[in-house]
Amino acid sequence: SASLYYNFYDDVRTTVPTPVTILPVRLRNGITGYNYGGEFWAKYAVADWWRLSLGGSWYQSILGLKPTRGDLSNGQCIGQDPPYQAQLRSEMNPFTDWEFEAALRAVGHVKMRNPNTGPVRIVEGSYHNHKLRLGFHVTPSTELSLSGTHLLQSRHIEANDPSTYLPQYVPQSVLLTLRQKF
């Protein structure tokens with residue numbers, strides 16, 4: 001499947017100082033612009049016991065201040081989205097009670113442009129992520145699995161919006177799971 005999109009935005013929120021003082025700030029609608037992109041997803045059964053899937057997205061955003069407008073938050077409300085993401089996943093059931101899953105994901109760097117002054121800076125670097133999972137059905141209602149995520153890096157930044165919170169990092173993790181269905 002595939003989809004394309006184009007969105008036009010007008011009157012996106014900005015923050016401006018109140019007359020005479022800086023605080024409190026006033027909310028105004030001073031940003032305008034558009035974004036466009038596409039997404040795709042494909043699945044293929046290599047064999048009865050092996051499935052491959054591939055997906056990705058591409059995104060571009062052009063947003064800026066309207067003439068004579070300003071923004072105290074330096075464009076934090078415009079969002080911080082990577083220009084691309086892609087994922088390749090392999091799912092296997094080589095034996096009746098066993099499952100194996102491997103996934104590789106790539107996420108592009110996030111750039112942010114200050115709408116007041118115009119310079120572009122990278123706020124989140126690009127990264128690759130790997131996930132592995134091995135599962136065993138002990139009984140039809142009991143599953144035991146071992147999985148590992150973010151295996152290619154010790155940690156990566158997932159979100160960075162200095163106007164609202166500190167950078168959020170996601171560490172490597174290994175998880176042993178016992179799932180019982182009733």
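A residue counts as partly exposed when its relative accessible area lies between the buried limit, under 20%, and the exposed limit, over 50%. F136 has a relative accessible area of 28%, so F136 is partly exposed. The model is predicted.

**Aromatic pairs**
- The count of aromatic pairs comes to 5.
- One of them joins Y34 and Y36, which are stacked, with 6.2 Å from centre to centre and 20° between the planes.
- Y34 is partly exposed at 30% relative accessibility, and Y36 is partly exposed at 29%.
- The ring centres of W98 and F136 are 4.7 Å apart and the planes stand at 40°, so this pair is tilted.
- W98 belongs to strand β5 (residues 98–107) and F136 to strand β8 (residues 127–139), so the pair ties together parts that lie 38 residues apart in sequence.
- W98, with a relative accessible area of 34%, is partly exposed.

**Cluster and charge**
- Y6, Y34, Y36 and W58 make up one aromatic cluster.
- R155 has its charged end over the ring of Y169, at 3.8 Å from the ring centre.

**Residue T18**
- T18 lies in the loop between β1 (2–17) and β2 (25–47).
- The relative accessible area of T18 is 16%, which is under 20%, so T18 is buried.
- Leaving out residues up to four places away in sequence, T18 touches L23, P24, V25 and R26.
- The T18 side chain reaches the backbone oxygen of P24 at 3.1 Å.
- From C-alpha to C-alpha, T18 and E124 are 32 Å apart in space, and they are 106 residues apart in sequence.

How values were computed. Residues numbered from 1 in each chain as written. Predicted model: local features only at pLDDT ≥ 70, side-chain atom pairs only at ≥ 80, totals over all residues. Heavy atoms only, no water. Helix = DSSP H or I, 4+ residues; strand = E, 2+ residues; numbered from the N terminus. Buried < 20%, exposed > 50% of the residue type's maximum accessible area, 1.4 Å probe, protein only. Contact = heavy atoms within 4.5 Å. Polar contact = N/O pair within 3.5 Å; in protein donor to acceptor, adjacent residues only side chain to side chain. Phe/Tyr/Trp six-rings, centres within 6.5 Å; stacked < 30°, edge-to-face > 60°. Lys NZ or Arg CZ within 6 Å of the ring centre and 35° of its normal.
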